[in-house]
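Welcome, and please open the model in your viewer. We will go from stop to stop, selecting residues and looking at what is there.

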Amino acid sequence: MRNSFGPPIMTLKPIISALALFALIAGAQTLHAEDSPRKFVEDFYNWYVPMAARPHSEDASNIALKKKSSAFSAELLQALKEDALAASKSPGEIVGLDWDPFLNSQEQIDRCVIGNITAKNGAFRVDIYDVLAGKKDKKPAIIAEVKQENGHWIFVNFWNPDGGNLLSELHELSKSRKKTPK
């Protein structure tokens, strides 16, 4: 029997079956909202922590800015590069950050683990815990703020669990350098 309004029903069955199968597969692979930022942050720290543990002629954070620049917002990238440039022009003096901005520490750690992820103002805040000597810290060492931009995740800021954030700190350091006579 032929459907007078379109193609024969027999030719629609394979299309409908294919669409149903695709929907089933897509549904099985659906990520929760926090899974994508979790994977982005985990991937970065799984690369960064071992790299930072090796000796380098420059700070590990500067290497990250060069090799993973697309992982940072334009504002954060620019502020970190400006800070690194100022530090390179004043060897032996502290004119910028004197800690690792992605670990919120001056010490090397064994690894990081991801904790809670919360949505806030169109971004996600990801708790990052240090692991030292096999023990996870009780509170996050740092909280990464990430969001999607142009189809991929980027870091937009890093928050200290005790208050303050990296962008504000970088802006304050920049202002103080501009006030200091040369």
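## Stop one: two loops

Start with Ala133, which sits in the loop between strand 2 and strand 3 (135-136). Helices (H or I, at least four residues) and strands (E, at least two) are DSSP runs, numbered from the N terminus. This is a predicted model, in which local features need pLDDT of at least 70 and side-chain atom pairs count only at pLDDT 80 or more, while totals for chains, interfaces and linings use all residues. Residues are numbered from 1 along each chain as its sequence is written, and side-chain values use heavy atoms, with hydrogens and water left out.

Ala133 has a positive phi of about 50°, although it is not a glycine. Most residues other than glycine have a negative phi. Ala133 is exposed, with a relative accessible area of 72%; buried means under 20% relative accessible area, exposed over 50%, and partly exposed in between (1.4 Å probe, protein chains only).

Now select Asn104, in the loop between helix 4 and strand 1. Asn104 is not a glycine either, yet has a positive phi of about 55°. Its relative accessible area is 26%, so Asn104 is partly exposed.

## Stop two: helix 4

Colour helix 4 next: its 16 residues reach 23 Å from first C-alpha to last, close to the 22 Å expected at 1.5 Å a residue (the expected span is 1.5 Å times one less than the number of residues). Which residues of helix 4 are buried? They are Leu76, Leu77, Ala79, Leu80, Asp83 and Ala86. Their cover includes helix 3, strand 5 and helix 5.

## Stop three: the nonpolar core

Show the side chains of Tyr45, Phe72, Phe102, Phe155 and Phe158, which have the most contacts inside the largest nonpolar core, a set of 38 residues. Such a core joins buried Ala, Val, Leu, Ile, Met, Phe, Trp, Tyr and Cys residues through side-chain atoms within 4.5 Å. Helix 2 gives the most to this core, with eight residues.

Centre on Phe72: leaving aside neighbours within four places in sequence, its contacts (heavy atoms within 4.5 Å) include Phe44, Leu77, Phe102 and Phe155.

## Stop four: the largest pocket

Finish at the largest pocket, with about 540 Å³ of space. Select Asp59, Ser61, Leu97, Asp98 and Trp99, the closest to its centre among the 30 lining residues. A pocket is an open set of points on a 1 Å grid over the protein atoms alone, where a 1.4 Å probe fits, with protein on both sides within 12 Å along at least five of seven lines; lining residues have an atom within 4 Å of a point. Helix 4 returns here, giving the most to the lining, with five residues.

Note on methods:
Points joined across faces, edges and corners; volume = space filled by probe spheres on them.
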